[in-house]
Amino acid sequence: MKSKAPSILSGDLVLTGTIVSDGEIQLDGTVEGDVRAGSLIIGEDATVSGEVQAETVVIRGRVTGSVRARQVQLASTARIEGDIVHAALSVESGAFFDGHCRHSSDPLKDSASTSKPAAKDNGIKSEPAARADGKPPAPAKEQDPLGSLEPPVASKSGF
């Protein structure tokens, strides 16, 4: 098998769209879109706004979006704002990471299989069943999805 030279995207390049390569990419410019590669190096002055997928990725620059790779290296100059799914992760002191990190034995599997399907709203609201004693059901209490951040207030009684 013949060794291929890496694709180098220079610092003055701004690309909007998706980059796909089975080989090695060295990115020093700006990409607004997804990047998929066999091996990816994101240089210190490089910026990616989109999803990154690669067998191995070294990040020295900025990524705004998710990263999925078997091996992920965050250099001290890296700035990641998004989630990382990895089989192996190394982080140098000084790297900035704001997101969730999850280990996976196969992080490059179809990401659609790991996401939960959205709940479908068909416009039909279910009503509570009638009680056995014939009385109407109690009205449903409205749920607070975040839980009340305020302590409960005692009700006023005739004191």
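Helices (H or I, at least four residues) and strands (E, at least two) are DSSP runs here, numbered from the N terminus.

A word on the ground rules. This is a predicted model, where local features need pLDDT of at least 70 and side-chain atom pairs count only at pLDDT 80 or more, while totals for chains, interfaces and linings use all residues. Residues are numbered from 1 along each chain as its sequence is written, and side-chain values use heavy atoms, with hydrogens and water left out.

**The chain as a whole**

The protein chain has 14 strands and 0 helices. Reading along the sequence, you get the pattern β-β-β-β-β-β-β-β-β-β-β-β-β-β. Of its 159 residues, 26% count as buried, where buried means under 20% relative accessible area, exposed over 50%, and partly exposed in between (1.4 Å probe, protein chains only). The accessible surface comes to about 11500 Å², and 52% of that belongs to carbon and sulfur atoms; these areas come from the Shrake-Rupley method with a 1.4 Å probe, and for residues only the protein chains shown count as cover. Take the contacts (heavy atoms within 4.5 Å) with a separation of 6 or more: residues 24 or more positions apart account for 7% of them.

**Strand pairing**

Two strands pair if DSSP finds at least two bridges between them. Strands of a sheet pair through backbone hydrogen bonds, either parallel or antiparallel. An open sheet of 6 strands runs in the order β2-β5-β7-β9-β11-β13, with parallel pairing. Its edge strands, β2 (14-16) and β13 (96-98), each pair on one side only. From one strand to the next the twist averages 5 degrees, with axes taken as lines fitted to C-alpha atoms (for helices over the stretch in contact) and angles running from 0 to 180 degrees between N-to-C directions. Within this sheet, E32 of β5 has S49 of β7 as its bridge partner.

| Strand pair | Sense | Bridges |
|---|---|---|
| β5 (residues 30-32) and β7 (residues 47-49) | parallel | 3 bridges |
| β3 (residues 19-20) and β6 | parallel | 2 bridges |
| β4 and β6 | parallel | 4 bridges |
| β6 and β8 | parallel | 7 bridges |
| β8 and β10 | parallel | 7 bridges |

On β6, R36 stands opposite V20, and I41 stands opposite Q26. V35 has V52 in β8 as its bridge partner, and V52 in turn stands opposite V67 in β10.

How much of β6 is buried? The count is 6 of its 8 residues, so β6 is largely enclosed by the rest of the structure. Strand β8 has 6 of its 8 residues buried too, so the rest of the structure largely encloses β8.

**The nonpolar core**

A nonpolar core here is a set of buried Ala, Val, Leu, Ile, Met, Phe, Trp, Tyr and Cys residues joined through side-chain atoms within 4.5 Å. The largest one has 23 residues, and L40, I42, V57 and I59 touch the most other members. The elements giving two or more residues to this core are β4 (24-27), β6 (35-42), β8 (52-59) and β10 (67-74). Which residues does I59 contact, leaving aside neighbours within four places in sequence? They are I42, V67, Q73, L74, A75, A78 and I80.

Q53 lies in strand β8. Is Q53 buried or exposed? At 14% relative accessibility, Q53 counts as buried. Its side chain makes a polar contact of 2.7 Å with that of E51. For a polar contact you need a pair of N or O atoms within 3.5 Å; within protein, one must be able to donate a hydrogen and the other to accept it, and residues adjacent in sequence count only if both atoms are side-chain atoms.

Back to H86, which is buried with a relative accessible area of 9%. Not counting residues up to four places away in sequence, H86 touches A69, R70, V72, C101, R102, H103, S104 and P107. H86 and P107 are 21 residues apart in sequence, and 5.5 Å apart in space from C-alpha to C-alpha.
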